[in-house]
Amino acid sequence: MFSLQTIFGKGDKFYGLLEQSAEAAHESAKALQALVTQADHAPVMAAFAATRAREKALAAQISEELVNTFVTALDREDIEALNSALYKIPKTVEKFAERYEIVAVRLQGVDFGQRALVLERSTEVVSEMIGELRRGLRIDPVKKLQDRLQTLESEGDRMLLAPYRTLYVEGNDAMKAMLAKDLFELLEKAIDKCRDVGNIVYSIVLKNS
């Protein structure tokens with residue numbers, strides 16, 4: 001016979017799984033930063049593959065646990081929303097990595113490093129926000145983290161002005177400009193996915209405050 005404490009304890013496992021998923025997203029962003037700043041891409045691509053496999057396994061485990069668990073620490077729809085949003089961060093990063101690996105030679109002189117650093121910092125904030133869920137759904141610290149995400153997103157947008165001016169106004173290689181634009185937009189999309197996770201966490205905190 002199970003006690004109530006045992007039943008509710010099973011719900012707590014979702015905090016750990018979501019934290020692992022957020023950390024996997026952060027690891028993928030760190031690998032991307034290495035990809036665009038290091039000459040040897042082989043070990044970096046291997047890191048992407050390992051991180052992506054771990055993220056897929058975690059997403060599947062969370063979905064399975066939702067089916068098998070009677071009581072959850074958070075509302076089921078909130079866990080599902082977070083699981084989906086977190087999954088999309090490394091998925092988008094992987095798309096960038098695959099395309100960058102193919103066209104990197106054509107993009108010499110294009111700086112993706114600063115924008116990738118913004119993404120890495122954004123995933124770090126996401127990890128902190130996910131960690132706040134098990135600490136009592138406190139509004140003030142989550143709001144501060146949400147504000148940091150918004151600031152990082154705005155900073156990333158500002159960073160695009162200089163490379164776009166160089167590529168479109170000062171440059172004469174249309175193919176290079178098109179390839180760079182595609183990759184910059186993927187980075188922007190990945191940062192937007194971080195914002196989506198932050199919005200979900202903030203809404204959960206507001207709902208339960």
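Is phenylalanine 96 buried or exposed, and what is its relative accessible area? Phenylalanine 96 is buried, at 1% relative accessible area (buried means under 20%, exposed over 50%, partly exposed in between, with a 1.4 Å probe and protein chains only). Before going on, bear in mind that this is a predicted model, where local features need pLDDT of at least 70, side-chain atom pairs count only at pLDDT 80 or more, and totals for chains, interfaces and linings use all residues. Residues are numbered from 1 along each chain as its sequence is written, and side-chain values use heavy atoms, leaving out hydrogens and water.

Let's stay with the rings. A pair of aromatic rings is described by the distance of the centres and the angle of the planes. Here, rings of Phe, Tyr and Trp (its six-membered ring) pair if their centres lie within 6.5 Å, and planes under 30 degrees apart count as stacked, over 60 as edge-to-face and the rest as tilted. Searching the whole structure turns up four aromatic pairs. One of them joins phenylalanine 96 to tyrosine 100: stacked, 5.7 Å centre to centre, with 10 degrees between the planes. The two are four residues apart in helix α4, so about one helical turn separates them. Tyrosine 100 is buried too, at 10%.

Next come phenylalanine 112 and phenylalanine 184, whose ring centres sit 4.7 Å apart with planes at 40 degrees, so this pair is tilted. Phenylalanine 112 lies in the loop between α4 and α5 and phenylalanine 184 in helix α8 (residues 174–208), so the pair ties together parts 72 residues apart in sequence. Phenylalanine 112 is buried at 1%, and phenylalanine 184 at 2%. Phe96, Tyr100, Phe112 and Phe184 form one aromatic cluster.

Now for the helices, which are DSSP runs (H or I, at least four residues) numbered from the N terminus. The axes of α4 (residues 76–103) and α5 (residues 113–132) come within 13 Å and cross at roughly 160 degrees; axes are lines fitted to C-alpha atoms over the stretch in contact, and angles run from 0 to 180 degrees between N-to-C directions. That makes α4 and α5 roughly antiparallel (over 145 degrees). Leu82, Leu86, Ile89 and Val93 of α4 make the contact (heavy atoms within 4.5 Å) with Leu119, Thr123, Val126 and Ile130 of α5.

Helix α6 (residues 139–159) and α8 also cross at roughly 160 degrees, with axes coming within 10 Å. Therefore α6 is roughly antiparallel to α8.

Notes
Angles under 35 degrees count as roughly parallel, over 145 as roughly antiparallel, 65 to 115 as roughly perpendicular and the rest as oblique.
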